[in-house]
Amino acid sequence: MVKTAFPKAEIVADRFHALRLAIYALEQIRKEVQKNFHTKRRKYFKHARTLLIKHKEKLEPEELEQVSNMLTLSKELALKELAYDRFASPDIYTAKKRLLAFKMAVQAANLARSTKLPMPTQN
């Protein structure tokens, strides 16, 4: 019905909602990763979730070190910065390049099996 009423309409996603979906996927990955930890580390990971989703440029030096240590524990969690970089692109050309890099990294990490990470199409 929508295609009939608006045949030339383009589907778009705004930065806020796309980033929210990426953060949701990051949370799912964090929860999967922390299941393999002992109680003390699992509790630390759970309480440090706000650090993990905070952009690296907004972290204090001590927080940056903590996040860096957490990101080394999982290649999937390390995709966090790629996602943030994609949304901080200065222009459409850079955004498309970064989106492609992010999509390739997600596919290489085989995240489709473990998260509900939406993969937008490239136009």
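Hi everyone, let's start with Q34, which sits in helix α2; helices here are DSSP runs of H or I with at least four residues, strands are E runs of at least two, and both are numbered from the N terminus. Before going on, a word on the model: it is predicted, local features need pLDDT of at least 70, side-chain atom pairs count only at pLDDT 80 or more, and totals for chains, interfaces and linings use all residues. Residues are numbered from 1 along each chain as its sequence is written, and side-chain values use heavy atoms, with hydrogens and water left out.

Back to Q34. Is it buried or exposed? Q34 counts as buried because its relative accessibility is 10% (buried means under 20% relative accessible area, exposed over 50%, partly exposed in between, with a 1.4 Å probe and protein chains only). The side chain of Q34 makes a polar contact of 2.6 Å with the side chain of R30. By polar contact I mean a pair of N or O atoms within 3.5 Å; within protein, one must be able to donate a hydrogen and the other to accept it, and residues adjacent in sequence count only if both atoms are side-chain atoms. Setting aside neighbours within four places in sequence, Q34 is in contact with R42, F45 and K46, where contact means heavy atoms within 4.5 Å.

Next is E27, in helix α2, residues 15–34. E27 counts as buried, because its relative accessibility is 8%. Which residues does E27 touch, not counting those up to four places away in sequence? They are R49 and I53, and the side chains of E27 and R49 are joined by a polar contact of 3.2 Å.

Now for the whole protein chain. Of its 123 residues, 33% count as buried. Contacts between residues 24 or more positions apart make up 51% of those with a separation of 6 or more.

Finally, a helix pair. The axes of α6 (residues 80–87) and α7 (residues 92–108) come within 8 Å and cross at roughly 160°; axes are lines fitted to C-alpha atoms, for helices over the stretch in contact, and angles run from 0 to 180 degrees between N-to-C directions. That makes α6 roughly antiparallel to α7 (over 145 degrees; under 35 is roughly parallel, 65 to 115 roughly perpendicular, the rest oblique). On the α6 side, the contact is made by L82, A83, D85 and R86, and on the α7 side by A95, R98, L99, A101, F102 and A105.
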